Amino acid sequence: MRAGLDRTSCVNYGRWVISPDWVRHVLSRPFVADPGGPMLYSTGDSHLLAALLTQATGRSTLALAREWLGAPLGIKIPPWPRDPQGIYVGGNDMLLSPRDLLRFAELHRLGGASAARGCCARTGSVPAGRRAPPRASPAHRTAMRGSWPK
């Protein structure tokens with residue numbers, strides 16, 4: 001995502017996940033880029049999206065994922081961890097079987113259409129076989145590489 005907020009991933013991940021309110025923690029991060037600017041990988045940004053979906057729909061992202069993806073694709077989506085406020089983690093820890101993950105990948109490859117029926121609007125993602133232009137800045141790639149254990 002491109003929120004422009006300082007990242008909660010990499011070296012900042014621990015401080016984020018031990019905070020008592022993950023959404024407030026994300027929103028308290030300073031802006032380090034313009035919103036819509038360069039992609040700054042941050043699990044907190046995708047968690048913020050999960051919180052917004054939960055609030056806007058009155059349903060959990062687990063319920064939405066099961067309805068919007070699980071049922072149409074015939075895949076089982078088990079519950080995954082939640083933040084202290086009960087919001088399902090928006091950035092990681094989902095568990096899918098290899099077969100179900102392949103069904104999800106095929107959905108993406110087909111631009112939102114499953115073999116059974118279309119279940120998602122076309123996303124504007126890059127068609128299979130074509131490379132997307134890089135969105136991360138060189139500084140981002142260096143920061144990510146520098147934060148991984150050796």
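**View 1. The buried residues of helix α3.** In this predicted model, the buried residues of α3 are T43, G44, D45, H47, L48, A50 and A51. Several elements share in covering them. Among these are α1 (13-17), α2 (22-27) and α4.

**View 2. Helix α3 from end to end.** Helix α3 covers residues 43-57. How far apart are its end C-alpha atoms? They are 21 Å apart. That agrees with expectation, because 15 residues at 1.5 Å a residue should span 21 Å. Just after α3 comes G58. Its phi is positive, at about 75°.

**View 3. An aromatic pair, W80 and Y88.** A search of the whole structure finds 1 aromatic pair. W80 and Y88 form this pair. Their ring centres lie 5.1 Å apart.

**View 4. Confidence along the protein chain.** The mean pLDDT of the protein chain is 75. Of its residues, 72% reach 70 or more. Which helix has the highest confidence? Helix α4 (residues 61-73) does, at a mean of 91. Confidence is lowest in helix α6 (residues 138-147), where the mean is 40.

View 5. Over residues 125-150, pLDDT stays under 50. For this stretch the model has 19 contacts beyond four places in sequence. Where pLDDT is low, the predicted coordinates should not be read in detail.

Terms used
Residues numbered from 1 in each chain as written. Predicted model: local features only at pLDDT ≥ 70, side-chain atom pairs only at ≥ 80, totals over all residues. Heavy atoms only, no water. pLDDT = per-residue confidence, 0-100. Helix = DSSP H or I, 4+ residues; strand = E, 2+ residues; numbered from the N terminus. Contact = heavy atoms within 4.5 Å. Expected span 1.5 Å × (residues − 1). Buried < 20%, exposed > 50% of the residue type's maximum accessible area, 1.4 Å probe, protein only. Phe/Tyr/Trp six-rings, centres within 6.5 Å; stacked < 30°, edge-to-face > 60°.
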